[in-house]
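The following exercises concern the arrangement of a protein chain. Please examine the sequence and the structure before reading the solutions.

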Amino acid sequence: MNVGLIVVIRTLKNEAHKLSLTSSINNMNDVKVCLVCNSNDAKVYETLTEIADQCSNTNVVNAKMKKTSSASIRAGARFLQNEFSLKHIGYISEIDHLEVLSVLEKFIEYQETIIALNKREKNNKNVKPTFYQSLFSISEYLEKIIANLIV
């Protein structure tokens, strides 16, 4: 499907969250996942590396120092662009570890709709966006989709 997903992680609280994140990622076989460690904590990077070892579609990028969210997203996007040929790259950022799990579950459920929405928005733009401008927020797209389902 040529879809990439960047997930910016600052903290992982416990083993249960690690297992939940691993399980969610393993349910997305056709999506290339890039976990970006945006933390000074070596334990977080080590945990993300363990998750990537258990998930064949996952890689880890270490920001090494706590950076802004947009810098972390760009680091993940650069990695995905250099390693894979992807048409759609979304990101999950600026939320805590429990919300990440919730957004991942909703992404799995609405993946086709999110990609269709991304295609429609790209086609509606008069000027072709740059690579970084074409990245999209999974959370924002989910809000739009859920709002349309309620109406």
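**Exercise 1.** Which residues of the largest nonpolar core touch the most other members?

*Solution.* The model is a predicted one. Step one: the largest nonpolar core has 33 residues. Step two: the members that touch the most others are Leu 5, Val 7, Leu 21, Leu 48, Ile 114 and Ile 138. Step three: two or more residues of this core come from each of β1, α1 (15–26), β2, α2, α4 (97–124) and α5 (138–150). Of these elements, α4 gives the largest share, 9 residues. Step four: a further core of 11 residues lies apart from this one and includes Val 8, Ile 73, Leu 80 and Leu 135.

**Exercise 2.** Determine the contacts of Ile 114, leaving aside neighbours within four places in sequence.

*Solution.* With those neighbours set aside, Ile 114 is in contact with Phe 107, Phe 136, Ile 138, Tyr 141, Leu 142 and Ile 145.

**Exercise 3.** In what order do the strands form the sheet, and which strands lie at the edges?

*Solution.* Step one: the open sheet has 5 strands, ordered β3-β2-β1-β4-β5, with parallel pairing. Step two: β3 (58–62) and β5 (136–137) pair on one side only and are therefore the edge strands. Step three: between β1 (residues 3–9) and β4 (residues 88–92) there are 5 bridges, and Gly 4 has Ile 89 as its bridge partner in β4.

**Exercise 4.** Describe how helices α2 and α3 lie relative to the strands.

*Solution.* Helix α2 (residues 42–54) lies across β1, β2 (31–37) and β3, and runs at about 160° to β3. Helix α3 (residues 69–83) packs on the sheet and touches β1, β2, β3 and β4. The direction of α3 makes about 145° with that of β1.

Definitions and conventions: Residues are numbered from 1 along each chain as its sequence is written. This is a predicted model: local features need pLDDT of at least 70, side-chain atom pairs count only at pLDDT 80 or more; totals for chains, interfaces and linings use all residues. Side-chain values use heavy atoms; hydrogens and water are left out. Two strands pair if DSSP finds at least two bridges between them. Helices (H or I, at least four residues) and strands (E, at least two) are DSSP runs, numbered from the N terminus. Contact means heavy atoms within 4.5 Å. Axes are lines fitted to C-alpha atoms, for helices over the stretch in contact, and angles run from 0 to 180 degrees between N-to-C directions. A nonpolar core is a set of buried Ala, Val, Leu, Ile, Met, Phe, Trp, Tyr and Cys residues joined through side-chain atoms within 4.5 Å. Buried means under 20% relative accessible area, exposed over 50%, partly exposed in between (1.4 Å probe, protein chains only).
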